[in-house]
Amino acid sequence: MRAFWPAVFCVGFVSIAYADVRLPNVLADHMVLQRNDAVKLWGWAGGSEAVAITTSWDEHTYKAVATNGGRWEQTISTPAAGGPYTITFSAANTITLSDVLIGEVWVCSGQSNMGWSAQSGIENAEEAVAAATESQLRFFSVTRTTSMYPQDDCPGSWEVCSPESMYDFSAVAYFFGRHLSAELEGVPIGLIETAWGGT
């Protein structure tokens, strides 16, 4: 029995040391990052593993080191509005995020009035849905889940504005984003919908 435990410990240590770098769902292809700001990126890797983060807008490489528990974070500097860009994360594996835009990011939170979509019924829905073709407008819908504690991740994905993605996205958020994009003369807009009726 004594010989067994060290063997188990060594196997566990190796599997942690070479764990793949992972990212939360909100850091993904098609996302929008806030312009002219210091933006925090985070994720998971092997304990004490070094993670290199390279941004294509300035070809700068940032270094982060995972804690013993495997979590890492790094603050990066973002430029003026623009894109598309890539961000590459390298450790035991490599992840490259593509079609990343830099612009304005808004969290659209609320109850049923915020969650109401064209699918649920709005005036001139057919015309509005057909006109939803602005590629500089991006949506992230947070799936409804609960937790007793703050979370580092949530179910969801970024989507480029299209008639299909706009159809079941928050109509209030969409029309706000479209108006803001026009006012800011084409600055990319990222909209994060986290709405749940009755909450």
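Colleague: In this predicted model, is tyrosine 174 buried or exposed?

Modeller: Tyrosine 174 is buried, because its relative accessible area is 0% and buried means under 20%. Phenylalanine 175, with 31%, is partly exposed.

Colleague: How do I read a pair of aromatic rings?

Modeller: Two values describe such a pair: the distance of the centres and the angle of the planes. There are 7 aromatic pairs here. Take tryptophan 57 and tyrosine 85: their rings sit 5.4 Å apart, centre to centre, with 75° between the planes, an edge-to-face pair.

Colleague: Which parts does that pair tie together?

Modeller: Tryptophan 57 belongs to the loop between strand 3 and strand 4, while tyrosine 85 is in strand 6, so the pair ties together parts 28 residues apart in sequence. Tryptophan 57 is buried, at 16% relative accessible area.

Colleague: Now the strands, please. How do side chains alternate in a regular strand?

Modeller: In a regular strand they alternate between the two faces of the sheet. For a case here, look at strand 10, residues 189-195, where 6 of the 7 residues are buried.

Colleague: Which strands pair with strand 10 in the parallel sense?

Modeller: Strand 7 does, over 7 bridges, and glycine 110 stands opposite alanine 195 of strand 10. Strand 8 also runs parallel to strand 10, joined by 5 bridges. There, phenylalanine 140 stands opposite isoleucine 192.

Terms used. Residues are numbered from 1 along each chain as its sequence is written. This is a predicted model: local features need pLDDT of at least 70, side-chain atom pairs count only at pLDDT 80 or more; totals for chains, interfaces and linings use all residues. Side-chain values use heavy atoms; hydrogens and water are left out. Buried means under 20% relative accessible area, exposed over 50%, partly exposed in between (1.4 Å probe, protein chains only). Helices (H or I, at least four residues) and strands (E, at least two) are DSSP runs, numbered from the N terminus. Two strands pair if DSSP finds at least two bridges between them. Rings of Phe, Tyr and Trp (its six-membered ring) pair if their centres lie within 6.5 Å; planes under 30 degrees apart count as stacked, over 60 as edge-to-face and the rest as tilted.
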